[in-house]
Structure formats: structure tokens, C-alpha cells
Amino acid sequence: MAAPVQQLRGTHMQIQDPGSVGLDAARLRRLSEAVARDVGAGLYDGAVLAVGRHGSLVLHEAIGNSDLAAGRAARVDDVFAVMSLSKT
């Protein structure tokens with residue numbers, strides 16, 4: 001049985017069943033679990049995960065905090081300043 005399709009608040013995109021685009025739902029759960037472990041270990045405050053394939057969104061979730069000092073939980077619609085990710 002396919003996972004139910006979720007409507008994302010404030011957008012027309014829907015979360016699709018990963019299997020419908022050839023992705024393994026168990027492996028996507030491992031990604032979420034790994035990020036949650038890293039957040040729990042204090043490696044970073046939080047993250048928003050978005051995974052898509054062939055124009056379909058199959059994972060969109062917020063983990064941890066977007067503002068740790070204020071105790072604000074991360075939300076899927078958070079915007080982040082991203083700089084220097086390609087430096088080694």
C-alpha cells in the first residue's frame with residue numbers, strides 16, 4: 001500500500017511515496033535518523049531536509065532548532081543563509 005500523499009502548507013507540492021519515483025523509503029528514513037543523531041550530538045542546531053526526484057518531492061522535514069538560543073524549533077519553511085559550501 002502506498003504512503004498517503006501529504007499537502008505541504010503554503011505550497012502546491014505534495015509529498016509522494018518514494019517508491020513511486022524509484023527511491024527506497026527505508027534509506028530515506030536512515031537519512032533522517034542520521035541527521036537527528038547529529039543534531040542530538042550537537043554537531044549542528046538543526047536542518048531542513050528536502051529530497052525530490054523526477055519533479056516529485058518525497059521527503060520534506062525539519063529536525064532540531066533553527067534558533068537554538070531562542071528555543072525555536074526548525075520548520076520546513078525556514079530559510080537559511082548558505083555560504084562557502086563548496087570549499088574544501
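Me: What does the accessible surface of the chain come to, and what share of it belongs to carbon and sulfur atoms?
Reply: The model is predicted, and the surface is computed from its atoms. The accessible surface of the chain comes to about 6,400 Å². The share that belongs to carbon and sulfur atoms is 54%.

Me: How many of the residues of the chain, in percent, count as buried?
Reply: The chain has 88 residues. A residue is buried here if its relative accessible area is under 20%. By that cut-off the buried share of the chain is 22%.

Me: In what order do the elements of the chain run from the N terminus on?
Reply: The chain holds 1 helix and 5 strands. Read from the N terminus, their order is β-β-α-β-β-β.

Me: Where in the chain is confidence lowest, and where is it highest?
Reply: The mean pLDDT of the chain is 85, and 85% of its residues reach 70 or more. Over residues 1-7 the pLDDT is below 50, although this stretch has 12 contacts in the model beyond near neighbours in sequence. Where pLDDT is low, the predicted coordinates should not be read in detail. Confidence is lowest in strand β1 (residues 6-7), with a mean of 48, and highest, at 95, in α1.

Me: Which elements give two or more residues to the largest nonpolar core?
Reply: The largest nonpolar core has 10 residues, among them V21, L28, V35, L49, V51 and I63. In soluble globular proteins, nonpolar side chains tend to be buried together. The elements that supply two or more residues to this core are α1 (25-40), β3 (46-53) and β4 (56-67).

Me: Which residues does V21 touch, leaving out those up to four places away in sequence?
Reply: V21 is one of the residues of the largest nonpolar core. V58, also listed in that core, is among the residues V21 touches. With residues up to four places away in sequence left out, V21 touches R53, H54, S56 and V58.

Me: How many bridges join β3 to β4, and in which sense do the strands run?
Reply: Two positions show how residues face each other here: A50 stands opposite H60 in β4, and V51 stands opposite L59 in β4. V51 and L59 both belong to the largest nonpolar core. The bridges that join β3 to β4 number 8, and the strands run antiparallel.

Me: What is the phi of H54, and is the residue buried or exposed?
Reply: H54 is found in the loop between β3 and β4, whose hairpin has 2 residues between the strands. H54 is not a glycine, yet its phi is positive, near 55 degrees. Its relative accessible area is 65%, and the cut-off for exposed is over 50%, so H54 is exposed.

Me: Which residue in the turn between β4 and β5 has a positive phi?
Reply: β4 and β5 pair in the antiparallel sense over 2 bridges, and D67 stands opposite R72 in β5. The hairpin of these strands has 4 residues between them. The residue in its turn with a positive phi, about 70 degrees, is G71.

Me: How far apart in space are L68 and G46, C-alpha to C-alpha?
Reply: L68 is found in the loop between β4 and β5 (72-73). With a relative accessible area of 48%, L68 is partly exposed. L68 and G46 are 22 residues apart in sequence, and their C-alpha to C-alpha distance is 8.4 Å.

Me: With which side chains does the side chain of D78 make polar contacts?
Reply: D78 is found in the segment after β5 and is buried, with a relative accessible area of 15%. Apart from residues up to four places away in sequence, D78 touches V48, S66, R72 and A73. Its side chain makes polar contacts with the side chains of S66, at 3.4 Å, and R72, at 2.9 Å.

Me: Which side chain makes a polar contact with the side chain of S32?
Reply: S32 is found in helix α1 and counts as buried, at 11% relative accessibility. Not counting residues up to four places away in sequence, S32 touches L49, L59, E61 and I63. The polar contact of its side chain, at 2.4 Å, is with the side chain of E61.

Methods
Residues numbered from 1 in each chain as written. Predicted model: local features only at pLDDT ≥ 70, side-chain atom pairs only at ≥ 80, totals over all residues. Heavy atoms only, no water. Core = buried A, V, L, I, M, F, W, Y, C linked by side-chain atoms within 4.5 Å. Buried < 20%, exposed > 50% of the residue type's maximum accessible area, 1.4 Å probe, protein only. Contact = heavy atoms within 4.5 Å. Areas by Shrake-Rupley, 256 points an atom, 1.4 Å probe, with all protein chains shown as cover. Pairing = 2+ DSSP bridges. pLDDT = per-residue confidence, 0-100. Polar contact = N/O pair within 3.5 Å; in protein donor to acceptor, adjacent residues only side chain to side chain.
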